Amino acid sequence: MAQSNNKEGHGVVDGHLDLPVKKVINFSPPLYRQRYSFVNDLVNQHKPKKVADLGCGNASLIQMIKSHSCLELIVGVDINKDKIGSQRCRLSPFSGEYLSPRDLNLSIILYHGSAVERDSRLLGFDLVTCIELIEHLDSEDLARFPEVVFGYLSPAMVVISTPNSDFNPLFPAVTMRDSDHKFEWNRKQFQTWASGVADFYHYSVEFTGVGEPPEGAGNVGYCTQIGVFRKTGAPATEPCVAEQSGQHVYKIVYSVSYPSLQQKEIRKLAVASEVSRQVQSLRQRYVSSLRILRRGDEDGHRASDPGLVPFSGPVFTELEKRKIEKSPEPFRFGNKLYVPLERLLAYPKVNRLCDSVDTMRALIADTVRLSRDGSAVKVDLRDASP
C-alpha cells in the first residue's frame, strides 16, 4: 500500500534518491520487497526445481527464495561482477543448516555475464526472473533479450517486472526513476511488447503488478508492472545441439552447495544426532523412574525394573505416542541401558531419516555404541552420552 505525505523531503523511488520534492510516496512493505515477495509466492505455488535470476544484483531475491525445499539449483547472473562477488556471506550455509539439513541437494551459482548472452548452463530451467532488468537495456540489447531468454533458454515460466511510467506523475521530480534506465514504459507499451514476445515464442502472458497507488491517485496502475509468461508449446526457433551442449560464456563468481540428506556424510550426521537425542531423552526418563523406585510407591513396594516415566509435554501426537509405545521397550542390564533400534525407528524424526533398522544401523555404527548383536544402542546410566 502506498501513502502520500505532503511535506518537504527527498523523494525516494525504489531506494534511489531523487531531487527534493514536496510529495513523498512511501510503500509498505518497500517496493523492492513486494517484487521479491511476488516471486517468492510463485515459487511456493509452482514448486520449481531450477530458478535463474537475470540481473540478480545483490542476490536479495536469491536469499529470499533459497529456503524453499523444492529448489535444487538457483543461478544468479549480473553484469556487475563486484556487486555479486560481495554476496558470499549472505548465501553461505549457516551452522543450523548442517544440524537440520535439507531433504534435497541445493546449489547456488552466481555468474558474471549479460542477460543477452547465451550460456547453455541456463537451459532447462523451470523459472527465469528478470526483476527491474529490461529498462537497463539499450535498444540493441533489448532486441536480443527475447531471442536469448524466450527463444534460446526457453524456460517453463518467465517473470519480468519493470517500472510503470503511468505512475511517474505521482513523483513530480521524476523523469526516470534511475539514471541508468534507458526507457520506462507505460502499461500499454509494456503489454504490447510482452504480448508480441509471448505470441512469437509460444508463451501465454498475464499482467499484474505491485505497489498500489495512494488513495485518490486515479487510474495509474501499479508502480511496478509485471508480466508472467508461461510456455504453451515449442519455441519458434530451436538452438542447435552444439549450442545447447557447450556454449559457456558466463564466468563463475561464487558457487556453494547446501548440506542435504542426499549427501551420505550429512545424512549420517543427522541420523546420529537424532538417535543420540532420543537415546538421551529415554535415558533421562529411565533415570527419573529409578529415582521414583528408590523412594518406593505409596504401598512401599519396589519393582526390579522401573520401566519409563510417562511422556511429558505435547512432544508427540497421540498416534505417534501409540506407535512408539507399541515398539520394544528399552531395558537395563547392569548399569547399561539398551534402546532397541526398532524403538528408535518408531520416533517420527528418526523414521523420516531411515527407512529400516538395517539402514539406521549402517548410518550410526561409527558414531554410537551398539549392543553385541547390533540390535540396540547401549548407553551407560551413569554417563550423559551414548
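**The second largest pocket**

Author: The helix α9 provides the largest share of the lining of the second largest pocket, with 4 residues. This is a predicted model. The volume of the second largest pocket is about 210 Å³. Its lining is made up of L99, S100, P101, L261, A270, S273, E274, R277, K349, R352 and L353. Two elements give two or more residues to this lining: α9, which spans 264–295, and α12, which spans 348–353. Sorted by class, the lining of the second largest pocket holds 5 nonpolar, 2 polar and 4 charged residues.

Now set the largest pocket beside it. The largest pocket holds about 940 Å³ of space. A total of 32 residues line the largest pocket. Those nearest its centre are G55, D78, K83, E132 and H136. Three elements each supply at least two residues of the lining of the largest pocket: α1 (31–46), α2 (60–65) and β4 (73–78). Of these, α1 gives the most, with 3 residues. By class, the lining of the largest pocket splits into 11 nonpolar, 10 polar and 11 charged residues.

Back to the part you asked about. Start with α9 and its 4 lining residues. Then find α12, which also gives two or more. Other names on the list include L99, S100 and P101.

Notes: Residues are numbered from 1 along each chain as its sequence is written. This is a predicted model: local features need pLDDT of at least 70, side-chain atom pairs count only at pLDDT 80 or more; totals for chains, interfaces and linings use all residues. Side-chain values use heavy atoms; hydrogens and water are left out. On a 1 Å grid over the protein atoms alone, a cavity is a set of points where a 1.4 Å probe fits but cannot get out, and a pocket is an open set with protein on both sides within 12 Å along at least five of seven lines; lining residues have an atom within 4 Å of a point. Grid points are joined across faces, edges and corners, and a volume is the space filled by probe spheres set on the points. Ala, Val, Leu, Ile, Met, Phe, Trp, Tyr, Cys and Pro count as nonpolar, Asp, Glu, Lys and Arg as charged, and the others, Gly among them, as polar.
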